[in-house]
Amino acid sequence: MTQTKEERVHQVFESIYKRYDMMNSVISFQRHKAWRKDTMKRMNVQPGDHALDVCCGTADWTIALGEAVGHNGKVEGLDFSKNMLLIGEEKVKEHKMKHVSLRHGNAMELPYADETFDVVTIGFGLRNVPDYMQVLKEMHRVVKKGGKVVCLETSQPTIPVFKNLYFFYFRRVMPVFGKVFAKSYDEYSWLQESTMSFPNREKLAEMFREAGFERVDVKPYSGGVACMHLGVKGKN
């Protein structure tokens with residue numbers, strides 16, 4: 001029987017959770033931390049804010065949000081992989097963040113009331129969901145008027161020679177890294193497949209506007225291999 005995208009992605013992340021953080025550093029050459037740091041700066045999260053991190057995985061961005069909102073704020077992380085959440089729970093305990101909580105759930109049907117959060121993020125997760133627009137609309141639904149929704153995701157470079165080198169790395173080298181470092185060739189083949197089929201940054205910006213966001217800001221990183229999209233929910 002053929003697996004659905006949701007079933008395959010669930011299997012991938014339930015399998016790679018123990019080496020997920022290490023592999024993120026290997027395949028991005030540690031750049032993912034700088035991308036997230038710059039994104040946080042652009043978000044300008046305020047102490048006391050209520051934030052949601054969709055597809056939170058092992059909770060690195062969730063914890064960064066927890067640091068930004070402080071103990072007077074509140075952060076919730078949501079993911080559909082229980083194994084990834086187990087790693088995240090350990091990190092939250094290590095950081096002694098009682099104002100940060102993690103929850104098992106589906107990004108396609110966010111279990112929150114309308115206009116609950118000041119900020120909603122999704123980091124390297126949107127390309128894995130069955131319906132990108134459905135998730136963007138759900139994020140738009142749960143963010144407050146005037147609030148921000150931010151996506152940090154792999155993307156596709158546009159510089160001709162660099163683009164060819166990048167695609168070679170993604171298709172040929174990265175799955176080998178997955179086999180060598182994480183014993184997971186097939187699972188890391190999924191990463192290049194999902195990135196290649198994901199909308200480019202211009203198309204994703206259009207999808208943000210179609211989902212109802214205003215003032216959509218786009219920031220490519222490292223020659224366009226990753227990109228941030230930030231949209232604001234209108235006050236009307």
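How many helices and strands does the secondary structure of the protein chain contain? The protein chain has nine helices and seven strands, where helices (H or I, at least four residues) and strands (E, at least two) are DSSP runs numbered from the N terminus.

The model is predicted, so that local features need pLDDT of at least 70 and side-chain atom pairs count only at pLDDT 80 or more, while totals for chains, interfaces and linings use all residues. Residues are numbered from 1 along each chain as its sequence is written, and side-chain values use heavy atoms, with hydrogens and water left out.

Of the 236 residues in the protein chain, 53% are buried (under 20% relative accessible area, with a 1.4 Å probe and protein chains only). Among contacts (heavy atoms within 4.5 Å) between residues at least 6 apart in sequence, 73% join residues at least 24 apart.

Strand β7 covers residues 226-233, and eight of its eight residues are buried. In a regular strand, side chains alternate between the two faces of the sheet. In β7, one side carries A226, M228, L230 and V232 and the other C227, H229, G231 and K233, all of them buried.

Two strands pair if DSSP finds at least two bridges between them.

| Strand | Residues | Bridges to β7 | Sense |
|---|---|---|---|
| β5 | 143-154 | seven bridges | antiparallel |
| β6 | 213-221 | seven bridges | antiparallel |

L230 in β7 stands opposite V150 and also opposite D217. β6 and β7 form a hairpin with four residues between them; in its turn, S222 has a positive phi of about 50°.

Terms used
Buried means under 20% relative accessible area, exposed over 50%, partly exposed in between (1.4 Å probe, protein chains only).
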